[in-house]
There are 2 protein chains.
Amino acid sequence: MARDDAPERTTHADKVYTLLFGQLMNGTFDPGAALNIPTLSREFEVSQTPIREALARLEHTGLVHREALRGYFVAPLFSEVELDKLMEARLVLEPALALEAGRRVTPEFLAKLLVPIDDLLRLSESQVVRSFREYWSADEEFHTLIAKQSANPFLEGAYRSLGGQVQRFRLFVKLGSADARFAAAEHRKIYDAFVARAPEAAADLMRHHIESARLRALSDRKTILANE
Amino acid sequence: MARDDAPERTTHADKVYTLLFGQLMNGTFDPGAALNIPTLSREFEVSQTPIREALARLEHTGLVHREALRGYFVAPLFSEVELDKLMEARLVLEPALALEAGRRVTPEFLAKLLVPIDDLLRLSESQVVRSFREYWSADEEFHTLIAKQSANPFLEGAYRSLGGQVQRFRLFVKLGSADARFAAAEHRKIYDAFVARAPEAAADLMRHHIESARLRALSDRKTILANE
DNA sequence: CATTTGGATACTGTATCCAATTTGAGGCGG
DNA sequence: CCGCCTCAAATTGGATACAGTATCCAAATG
């Protein structure tokens, strides 16, 4: 007997949270759009209570913001200044994460890290430009794996609290395939520093990678604005 | 005119959030204690819905944690390892905050910063040891003001996400009045660097301050454990 | 006879739904 | 242009379903 009778091991609030999180990361909603609770309630076919709880939990990801007595909204687009501030914050956190991760390199870590690096390279080499989502998914995976390997829950949490914002930025800046090639090469260099068990070098390369990404983002942004 | 006619400018959920946050920061609850919703509902004389929302929002402060299908709990005490990781994270963030704040020094900032410095010094010089809360309140004010002055919402947010944890640590480590004197002196040096418009020096002094605080915390902790 | 063990029962608390109230925003007429 | 009205949405209160836990009672065992 004892059938697999654990189909409902999670709560509705958790499921709504996960679904909404995915949709927000994928850019399903327009920036600034209202997330009104009755509508979502019908959409997900649950009552308003779990929706409300999921939204409250999503607020700290930065993907959603709340105005008292007015409701929840998708986070608005970045301004140039915000983008700069975000990169400044990443510039503080990510080299520190890379440094700690570099002190704890394991073969499993290296193996897992290789996957998003190869993905990014392969995508950037293919002639057909698929969805930007695939690029960014590989990029996110790379940075998230390093954050995890840092073995510091507080630093990782601080980075995670930036994670949603980083994603906002990713949706905002359309990555070109030339950019992806640069990024793939920089990822690879960081990887090599990990292999060489050189944490300080990894941290420096990460710093350089973020600075480059910042410059690419700024120039891309200008291009986009010029085209519109 | 425009009287202060904002008596009910906030929702119940906001008020509950603020109250609970204050109580958690003050150590009103025991670490690990269950925060059950019906009880809090009676206590605050509101229904369960705003309680639930406030708890969901409190989760990201680190003062409260949630276990699926089991409810919300006050964050447990620190282990030695966690304390170390926390200080490592502060060591990454706070010098960066001090650096940015140092680039944006204003007379108002300096004036506001002087208050918690003087408070801490006065408290540490008085013979009568009052509640530790007053020490930590001054300490928190000092660090929070600098975080705000950094003018980077993302870095500030990352620090704030550590803030609750820092407070957990503060409640855990009982500050001696000798420690308070050291801290006051270090705060003062950082202040002087701000006055001298030397951001890099401020960042270095902040790094040193956190490292010292870490050492003091570790030795204090050992003393406490030895006494019990 | 004392102790232990099995199982039913009461109770507590989470998760959820739904209904009632309050608030904010936009349209309409003065 | 300004105030009133209407409607949609947020907010809140309370009721219900459900699960897990603790408690109690009695039968079985040494």
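A:Asp14 and B:Arg66 pair up in a salt bridge, with their closest N and O atoms 3.2 Å apart; the term covers a side-chain nitrogen of Lys or Arg within 4 Å of a carboxyl oxygen of Asp or Glu. A:Asp14 sits in helix α1 (residues 12-25) of chain A and B:Arg66 in strand β2 (residues 64-67) of chain B, so this pair joins two chains. Helices (H or I, at least four residues) and strands (E, at least two) are DSSP runs, numbered from the N terminus. A:Asp14 is buried, at a relative accessible area of 17%, where buried stands for under 20% relative accessible area, exposed for over 50% and partly exposed for anything in between (1.4 Å probe, protein chains only). The model is a predicted one, in which local features need pLDDT of at least 70 and side-chain atom pairs count only at pLDDT 80 or more, while totals for chains, interfaces and linings use all residues. Residues are numbered from 1 along each chain as its sequence is written, chains are lettered from A and ligands numbered from 1 in the order in which they are written, and side-chain values use heavy atoms, with hydrogens and water left out.

Over all chains, the search of the whole structure turns up 29 salt bridges. Five salt bridges are counted between chain A and chain B. One such pairing links B:Glu53 with A:Arg52, whose closest N and O atoms are 2.7 Å apart.

Other salt bridges stay within chain B. B:Glu186 and B:Arg216 meet through their side chains in a salt bridge (3.3 Å, N to O). Helix α8 (residues 177-195) of chain B holds B:Glu186 and helix α9 (residues 199-227) of chain B holds B:Arg216, so the pair ties together parts that are 30 residues apart in sequence. B:Glu186 is buried at 11% relative accessible area, and B:Arg216 is buried at 13%. Back with A:Asp14, salt bridges that share partners join A:Asp14, A:Glu53, A:Arg57, B:Arg52 and B:Arg66 into one network. B:Arg70 and B:Glu67 form a salt bridge too, with the closest N and O atoms 3.4 Å apart. Here B:Arg70 is exposed at 58% relative accessibility, and B:Glu67 is partly exposed at 34%.

As for the interface as a whole, 34 residues of chain A are in contact (heavy atoms within 4.5 Å) with 34 residues of chain B. The area buried between chain A and chain B is about 2,700 Å², and carbon and sulfur atoms give 63% of that; buried area is the accessible area (1.4 Å probe) that two parts lose on being put together, summed over both. A:Glu53, A:Lys85 and A:Phe154 supply 23% of the area that chain A buries against chain B, more than any other three residues.

Twelve residue pairs (both at pLDDT 80 or more) are in polar contact between chain A and chain B. A polar contact is a pair of N or O atoms within 3.5 Å; within protein, one must be able to donate a hydrogen and the other to accept it, and residues adjacent in sequence count only if both atoms are side-chain atoms. On the side of chain A that touches chain B, the elements giving two or more residues are α3 (48-58), α4 (80-102) and α7 (153-172) of chain A. Of these, α4(A) gives the most, with nine residues. By class, that side of chain A has 16 nonpolar, six polar and twelve charged residues, with Ala, Val, Leu, Ile, Met, Phe, Trp, Tyr, Cys and Pro taken as nonpolar, Asp, Glu, Lys and Arg as charged, and the others, Gly among them, as polar. Helix α3(A) is mostly covered, with eight of its eleven residues buried; among them are A:Glu53 and A:Arg57.

Not counting residues up to four places away in sequence, A:Glu94 touches A:His143, A:Tyr159, A:Met206 and A:Ile210.

Two loop residues deserve a mention. A:Leu69 has a phi near 65°, a positive value in a residue other than glycine, and lies in the loop between β2 (64-67) and β3 (71-74) of chain A. A:Leu69 is exposed at 62% relative accessibility. B:Arg197 also has a positive phi, near 50°, and is located in the loop between α8 and α9 of chain B.
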